[in-house]
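Me: Could you take a close look at one part of this structure with me? I am new to this, so please go step by step.

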Amino acid sequence: MKKIKRAILYVVLIFYAVISLYPLLWMFLYSFKDNNEIFVTNPFGLPKVWRFENYVNAFTQFDVLTYFKNSMIVAAATIFLVELSALLFCYVIARVKNRLTGFLHFLVSSGMFIPIQAVMIPLVITVRKFGFTNSLLSVIVPYTALGLPFACMLFYGFYLGIPVELEESAFMDGANLGKIYFKIILPQMKSPIVVLVIYQFMSCWNEFNLALIMLTKNHLKTLPLGLVNFWTAYQAQWGEVGAAMIMASIPILVIYLFFSNQITESMAISGMKN
Amino acid sequence: MKKRLLAVMMAGVMALGTALPVLAEEGTEPKDPFGYDYVSQDVDADLTVYRYYADSDKDNLDYAIRKMTEKYPNLSFTMEHRTDSDGVALRTWAAVGELPDIFEINASDVYQTLKEEGSLYVVDEEVEKTGFYDLFSNGAAAKEARISDDGHQYGFGCEVSNLGFLWYNKETFEELGISEPTNYEEFKETITVLKEAGKVPVALFAAEKWPATSLYSLACIAEGEPTGLDAVNDGNAAITDEVFRKGAEKFVEIGNLGAFGKGALSTNYQQAYEMMYSGEAGYFLSGAWFFLTLEADGMGDKIDYCNYNVFADEAVKEDVRWNALGGYQTEAKYSVNVEPPCGLDPSTVAYLGLEMEYWTRVSAGVNGNMTTVIGDFDFQGGEGYADYYENYGNYQTFSNFTGDLSNGDFVVAADNACEMVVSGNYTDAQELIDDIAAGGF
Amino acid sequence: MNSALLKKNRKWLILFAAPAVIIFGIIIIIPLFQTFYYSTFEWNGIKLGEFLGTGNYRKLFSSREINTSLINSIVYAVFLVIYQVGLGTFFAFLLTQSKIRGAVFFRNVYFVPVLLSVSVVSQLWIWIYNGDYGLINQLTKLLQIDWSQNWLNQKWTSLLAVAFVESWKGMGYIMLIIYAGVRNIPEVYHEAASIDGASAVQKFFHITVPLAAPTIRITVVMCLTNGFRAFDTTYLMTGGGPGIYTYNLTIMMYQAMMGRNDYGYGSAIAAFIVVICVGLMYVINTLTKRYDKIYD
């Protein structure tokens, strides 16, 4: 009886794995097809003709390196800023329980619900006032702000899970908050930090609406913008667009694969601690 | 309204007087009509230009840029490709004062606001001095369209207007034993034949909102409203008027015949014409820019367009033939920033803009495509394209592709209602009319 | 933290909190207030028009689309919660069981859809759903079942189909968050329960779920609010259509701004969305306050 139960579980797991992986496989396959195969004759299967020239064309026509570099800079800077500001801020919110912190917590969490199109125009004006236009800062700072609510929500929960006794005993020994935080508390937060890196990286990497408005000079554009240029031509070759998208997705996949092992490790460590 | 009527009449008059370009043995590039009369050779700046910069437009613009940078060695261009069709980017730049030097305005409300705010440079003088519109065979009509209510021109441009048609695959039709329909009865017949052969009769790329609505507009044109849905948009007619109800009946009728595939609402532009290319679909609705795609794909001789309005009854088909879907010359086209960020004074930028525009149109001709620049060009197009070129001068009235209509509320209401027809949710014309009428039109 | 410690470390606390508060305030709070402000005007996105007071809001609540949009948004949000939190918790729990081989592999794989661009995912599912040659209908034909639907063209199937795609795409991420929360539960609890003879299912409902509750609460709030803010997937797959069948609040807002050029109206819708989401979050947090002090 137990064996049948286990078998069913495995079937479910494998089935879901297949439908999770198929889109990536599909995108990979269509990046080798031409419009005709993609749209009419063979949308789902293996390419009848493997058109490697799609990749060549995509690479030459589509300024991959510049866009890639910009996306990377934006992602890295945003991740750093979000992690730093959110970690510190949430610590205060989680440990100090008064009306002010409660209000701030509420305020920042509400930030999650702002549909970006709503604040876009006032935001552009604000960014301009600060002189960020025509630099990557015009997206980095907004992305940071946009990433804060989720980061806070994540960290808040984890901070609550750290017993207060840890700091209290350290305070008894006369240490100040700065030292206590960085030496004792921070190491406990490895898993949410890593989780946030992945999430924030993804948000930045795929973000389009804000980047479109802020980054108007071609040398500043991020990958999604570059892709849209490629995509919106009336004579777009979807295969080439697919090739460009595969090239644009590689970093995310690599980062995820790299960090996912970290997650497992840090999970295991925190599991053992208890 | 009066002004538009005038424009339309002038278009007709000028078009009739169009001299077809002589088919020369080889394309000869026209001489530079501007010289250094307006801008000195050592002009030093980097011009930012925002317009549709892809497909053949890119080729034409690159040609123009080459010509300009050869002529003005210290001039450089930064091109920004227009990726949206509703003016999103333009709107936001306008709101924060970040407009480029020269930009294409593709949303009429943005144009109005910018004009009223004084952000658009008045180009009357530059146009006069260069005689820009005299360089084109349809120049007078285009110029007329650009003149605003206050008598000034806030933008410039003179392009071959894109008219809307249904293209069809000649081979597919031959195999099925049908031919190009010239009236509604024949059209319905072809749809039935195509449907029975398991094909999608009309490949509508209804992932975008305007094809379905424009097709409906085409039906209304056939029923006797020369500008189709423009009349309702402009407030000169109500959707409950007889002509629109009759148009709706035909539109819904072909829907009920199964003209639109089940996936019409999620079919995109490339997919739709690929379906027609490969014989999966019979018809494809698009605008005359599609001829350029056909040329680029080498399909110019396999695909033809329906010369007659497919919704027209036999009795009136000749009358309505020259009432075009599309081709409406908007007042807004390419405008000059009244405070150009490149640092030059707007007058210079205007002269440069006019010259650049001229060369892009020349490039079209040099590449063997249709152009209205007066000169010797070697037109190289397939049968359908050549046909269109010949007939281009005969069109009397023009309308908008419904995506370009100015009344946003009306467009949304019409788009939603037409989607319901294409998706098979509305099977009666009255449902379509009621839906749009409920929005107050 | 007691008040003595608080006073002593005041400077540190302020320093810690400051960056986030400043950035957030300038980038989000101020523009948000501006949006609320603009929602009381007639605004074309470039120049402010006349003052309308509640005019835009009245227009919103008497519009043709508001009822459908609200219902759709609610259905969509609930669907997201059921699918993502439900399956997320199920898989998170399953994959922490040491008896399951290849748990790491499955966890990684389930996350892949999250990494893909939404445009690719939407396009693929459009084809899977296609009424004529889509994968689903092809499969049902193969299995001789007469059940092929015109998925994206009909009233409820279109909404659920799109909701399914968004749920499917994001499930991996919710699963990951819950997984992190479940892993944080000290092993001792489970061991003690096993010794007492509890089955896997009992352990799940009596230990895992309650102790992972703060995390699960976060994910529920996320899913609900994502449901009300849903835009990309719907826009790409159906554009709100056919007609208004898959309309939701955000699509209405986008259309108001881009289609009707009525930015004041769009801002009012945006304000409405914010109020709903904030309200939801507040309500849920208050109702589940008891889970906050779980470790104290």
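**A close look at one helix**

Reply: Happy to! Let's take helix 2 of chain B, residues 55-71, in this predicted model. Its 17 residues reach 25 Å from the first C-alpha to the last, close to the 24 Å expected at 1.5 Å a residue.

Now look at which residues are tucked in. B:S56, B:D57, B:N60, B:L61 and B:A64 are buried in helix 2 of chain B. If you look down the axis of this helix, its buried residues fall within an arc of 135°, so they line one face.

What lies over the buried residues? The cover for those of helix 2 includes strand 2 (75-81), helix 13 (290-297) and helix 15 (346-366), which also belong to chain B.

In chain A, 67 residues are in contact with 66 residues of chain C. By class, the side of chain A that touches chain C has 46 nonpolar, 20 polar and one charged residues.

Chain C itself has 14 helices and two strands, and 51% of its 296 residues count as buried. Its C-alpha trace spans about 75 × 70 × 30 Å along its principal axes.

Technical notes
Residues numbered from 1 in each chain as written. Chains lettered and ligands numbered in written order. Predicted model: local features only at pLDDT ≥ 70, side-chain atom pairs only at ≥ 80, totals over all residues. Helix = DSSP H or I, 4+ residues; strand = E, 2+ residues; numbered from the N terminus. Expected span 1.5 Å × (residues − 1). Buried ≥ 20, exposed ≤ 12 C-beta atoms within 10 Å, placed from the backbone. Arc of directions from axis to C-beta. Contact = placed C-beta atoms within 7 Å. Nonpolar A, V, L, I, M, F, W, Y, C, P; charged D, E, K, R; others polar.
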